[in-house]
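Q: I am new to this structure and would like a short tour. Could we begin with how the helices pack?

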Amino acid sequence: MSTPQKTSPEKPVQQSPDEPAASLRSRLAGSNTVWTGLVLVVLCALFGALRPDAFLTLFNVQNLLVQAAPLLMLAVGMTFVIITSGIDLSVGSVLVFAGVVSAMTMEALSGGDATDASWGVIAIGLVAALLGGAVWGLLNGLLVAVARVPALIVTLGSFGAALGAAQLLTNGIDVRTVPAALRTTLGTGTSFAVVPNLVILAAIITLLAMWLLHTTAFGRYTYAIGSNAEAARRSGIKVTRHLIAVYTLTGVLAGLAGFMSLAYFGTTTISGHSNDNLNSIAAVVLGGTSLFGGIGTILGSVIGVFIPAVLDAGFVMAGVRPFWQPIAVGAVLVAAVYLDQRRRRARNNR
């Protein structure tokens, strides 16, 4: 009778102290947000070195931040939509429509001239802008999620319809009697002596959007629908209702952007936002959000918003013809989509 051999307990596998650091480096190297951030830092350093007397001034930084604030609101909403594997081409026109509705509401409550309107009237104007944006967002969501019309077609139609509605309301003439209190407080006012109030508002909304997307069930459902809508539906997620909510949220943020633009420019600028829809999509894609859905961050979109803005300001200050700016942005955009496709193919082949 043979005696059983004694077996010694298996020693736990010891993780090398270098492995966590290597894993972190690997994740950072594969992060689109990190690479996009590095591109932005390099651009700022380049233009700062070329024109330190102009590019790195407080005035220029404030100007960049203020001009990017309304576009950032569009990009934040667009991030949610693109993560669901959708698209919204109407946000620029919804911005214009919301600004027109807000301005005309404040005029109507002020007897035709809203220059001296009170904060009560301004608050109603803000609500009108948000509702104006929400209506178009809700319409887009119903047509996409319930009627099952492709988002590209739906939002292309609402792009023209919202702009046409704004022009019908005003006969194509900008509304210019914007409350002085709104302009001096939100439009051009600052806090802490240097921070524009418009930028503070945009930062607060962006932080709330980060919380919503990255820490709540709403955000998890958004990612799940973008990754596989049918699987999300079978797991109990109300996909139709969620898509309606996402498009409505995007419309509300476009309405807020319209109110911010109204405060800054002091007019509705009907013809001044023709490229905002494409610029917001470019910013989101440059920030690492995948056009195929399921991947994206708000932080990446924030970085993506500032790349075209920095290029535009830097080219002007460096004496480069401004026509190069859309070429540069387009090249970076195509490269971002190409890299995203390569990453997806590599992941699917594992």
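A: A definition comes first: helix axes are lines fitted to C-alpha atoms over the stretch in contact, and angles run from 0 to 180 degrees between N-to-C directions. Please also note that this is a predicted model.

Q: At what angle do helix α9 and helix α11 pack?
A: Helix α9 (residues 217–227) packs against helix α11 (residues 239–265) at about 105°, and their axes lie 11 Å apart. Angles of 65 to 115 degrees count as roughly perpendicular, and α9 and α11 are therefore roughly perpendicular to each other.

Q: Which residues of α9 and α11 make the contact?
A: From α9 they are F218, Y221, T222 and I225, while α11 provides V239, H242, L243, A245, V246 and L249. Of these contact residues, 8 are nonpolar, 2 are polar and none is charged.

Q: Turning to the largest nonpolar core, which members touch the most others?
A: M73 and L182 do, in a core of 85 residues. Helix α3 (residues 58–83) supplies the largest share of this core, with 15 residues.

Q: And what is L182 in contact with?
A: Beyond its neighbours within four places in sequence, L182 contacts M106, W119, I122, G187, F259 and A263. There is also a second, separate core of 7 residues, with A145, I225, A232 and I237 among them.

Q: New topic: is S301 buried or exposed?
A: S301, which lies in helix α13 (residues 298–318), is buried, with a relative accessible area of 1%.

Q: What does S301 touch?
A: Not counting residues up to four places away in sequence, S301 touches A75, T79, A283, V284, G287 and T289.

Terms used. Residues numbered from 1 in each chain as written. Predicted model: local features only at pLDDT ≥ 70, side-chain atom pairs only at ≥ 80, totals over all residues. Heavy atoms only, no water. Core = buried A, V, L, I, M, F, W, Y, C linked by side-chain atoms within 4.5 Å. Buried < 20%, exposed > 50% of the residue type's maximum accessible area, 1.4 Å probe, protein only. Helix = DSSP H or I, 4+ residues; strand = E, 2+ residues; numbered from the N terminus. Contact = heavy atoms within 4.5 Å. Parallel < 35°, antiparallel > 145°, perpendicular 65-115°, else oblique. Nonpolar A, V, L, I, M, F, W, Y, C, P; charged D, E, K, R; others polar.
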